[in-house]
Amino acid sequence: MKTAEKTGIFIVDDHPLVRSALEQLLTGAGYMLAGQAGNGPETLAHPALAASRLAVVDLALGDESGMDLIRRLREQGLMVLAYSMHEGSNVIRRALEAGANGYVTKREPAQALLDAIAAVLAGQRHLSPRAAAVLKELSPLDALSGQQQQIYRHLGQGISNEGIAQRMNISVRTLESYFVRILDKLGLPGVKELRRQAIRDAVGTEPRAGTSA
């Protein structure tokens, strides 16, 4: 695999055991591992990043989101393959919107990751079978209007009700009326749950236990 041997791949995952398993998988398939890191800042400061062509990035990096890292890596000219345990359609869409060249879920066989790497390196955008199946399903978020989706994104950024109302140039009372319609469309019991889901979708991870919404 002469082509594979010349391809530097960088692994980003906050679990050392996962990084070790990926290293064995990739080197066993003939790829050259350029480097690895456990978070965004460590990745961006790593000297081996300059020798990398593709980064395999987890979306949940401790308290950080891999979404921002995907954007930064794409700005530096690297191809990025999102490799995550999260299978929600909104998370997959956001990773692709952030610039990811492909998406693979961690519940799939190792071959799915190798297939995705080969496809992305060949210049294709690639979704693993599970990710592709999820995107074919209609997400409840698709039922939200443009303004409702904007509110949902603001909630995901942790902005207060007052802050959202100010950004959208509406009153807090009007914002609360939007919440009622959004809750109805998403089938959620209250604003606390809405905010928690929006934050989860925004960062591509589950809220930590004890985290206040």
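**Helices that cross, and a pocket**

You are looking at a predicted model, in which local features need pLDDT of at least 70 and side-chain atom pairs count only at pLDDT 80 or more, while totals for chains, interfaces and linings use all residues. Residues are numbered from 1 along each chain as its sequence is written, and side-chain values use heavy atoms, without hydrogens or water.

Find α9 at residues 161–168; its axis and that of α8 come within 10 Å and cross at roughly 140° (axes are fitted to C-alpha atoms over the stretch in contact, and angles between N-to-C directions run from 0 to 180 degrees). This angle makes α8 oblique to α9 (under 35 degrees is roughly parallel, over 145 roughly antiparallel, 65 to 115 roughly perpendicular, the rest oblique). From α8, Gln 147, Gln 150, Ile 151, His 154 and Leu 155 meet Ile 164, Arg 167 and Met 168 of α9 (contact means heavy atoms within 4.5 Å). Sorted by class, the contact of α8 with α9 has four nonpolar, three polar and one charged residues.

Now follow α9 to its meeting with α10, residues 172–186: these two helices pack at an angle of about 100°, with their axes 9 Å apart. α9 and α10 are therefore roughly perpendicular to each other. Here Asn 161, Glu 162, Ile 164 and Ala 165 of α9 touch Val 172, Leu 175 and Phe 179 of α10. That contact has five nonpolar, one polar and one charged residues.

Next, look at α2 (residues 16–28) and α6 (residues 110–121), whose axes come within 11 Å and cross at roughly 60°. That angle makes α2 oblique to α6. The crossing of α2 and α6 is right-handed. Leu 22, Leu 25 and Leu 26 of α2 make the contact with Ala 110, Leu 113, Leu 114 and Ile 117 of α6. What classes of residue make up the contact of α2 with α6? Seven are nonpolar, and none is polar or charged.

Of its 16 lining residues, the closest to the centre are Asn 90, Arg 94, Glu 97, Tyr 152 and Arg 153. The elements giving two or more residues to this lining are α5 (89–97), α8 (146–156) and α11 (191–203). By class, the lining divides into five nonpolar, five polar and six charged residues.

Definitions and conventions:
On a 1 Å grid over the protein atoms alone, a cavity is a set of points where a 1.4 Å probe fits but cannot get out, and a pocket is an open set with protein on both sides within 12 Å along at least five of seven lines; lining residues have an atom within 4 Å of a point. Helices (H or I, at least four residues) and strands (E, at least two) are DSSP runs, numbered from the N terminus. Ala, Val, Leu, Ile, Met, Phe, Trp, Tyr, Cys and Pro count as nonpolar, Asp, Glu, Lys and Arg as charged, and the others, Gly among them, as polar. A crossing is left-handed if the near helix is turned anticlockwise from the far one by less than a right angle, and right-handed if clockwise.
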